[in-house]
Structure formats: structure tokens, C-alpha cells
Amino acid sequence: MPQLILVRHAMPDIDTKVKACDWHLSTEGRQRCVDLADALRPYGPRWVVSSPEAKAHETADLIAGILGTPLEIDPDLREHGRSTIAA
């Protein structure tokens, strides 16, 4: 039976001068994606889907690359509208 695995983005590099939706992953966040991909591997994900938000897209891209699975960006998949909030 297919399973849905929900994953939150990895740790972002918080920059109070930039909108939260535009934050990118921190160095530590990128490193943790390796461990996350390894933890997901036993479940055999067939593809990774992400919101277009930078930190989520970067997390998904790293995981998909490590697992060798396709990545799809879905513009309707998002946390909630915070584009006007800086931090």
C-alpha cells in the first residue's frame, strides 16, 4: 500500500532582512538533509514533491538527489502565506 511521508524543511539560514519565504538552507540544514535522506531510504520513496518556497525546495532537491528520485515542485503546496513577514 502506498504511503505518504510528510517532511518539514531542514534548518534555514534565518535572515531578518529577507522574507521568511525566501530563506535558504543553512550549512547545517544542508548537512542534515543527508541524514534525512538516509532515514527515508528504507521506505523506498518513488518521488519527492515540494512547495516552491526556497528552503523547502532546497531540502527536497537534496533528498531527491541523494535518493535518486524525481523531484516535483507543486505551486499549490505551501505551508501558509507569510510572504509579508520578515522573521
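A salt bridge is a side-chain nitrogen of Lys or Arg within 4 Å of a carboxyl oxygen of Asp or Glu. By this rule the count comes to three. The model is predicted, so local features need pLDDT of at least 70 and side-chain atom pairs count only at pLDDT 80 or more, while totals for chains, interfaces and linings use all residues. Residues are numbered from 1 along each chain as its sequence is written, and side-chain values use heavy atoms, with hydrogens and water left out.

**Salt bridges**

- Aspartate 38 forms a salt bridge with arginine 41, with 3.5 Å between the closest N and O atoms.
- Aspartate 38 has 42% relative accessibility and counts as partly exposed, a class between buried (under 20% relative accessible area) and exposed (over 50%), with a 1.4 Å probe and protein chains only.
- Arginine 41, at 40%, is also partly exposed.
- Glutamate 28 pairs with arginine 32, the closest N and O atoms being 2.5 Å apart.
- Lysine 55 and glutamate 53 meet in a salt bridge at 2.5 Å, N to O, and both residues are buried.

**Largest pocket**

- The largest pocket holds about 920 Å³ of space; a pocket is an open set of points on a 1 Å grid over the protein atoms alone, where a 1.4 Å probe fits, with protein on both sides within 12 Å along at least five of seven lines, and lining residues have an atom within 4 Å of a point.
- Of its 27 lining residues, the closest to the centre are Leu4, Ile5, Leu6, Val7 and Val49.

Note on methods: Grid points are joined across faces, edges and corners, and a volume is the space filled by probe spheres set on the points.
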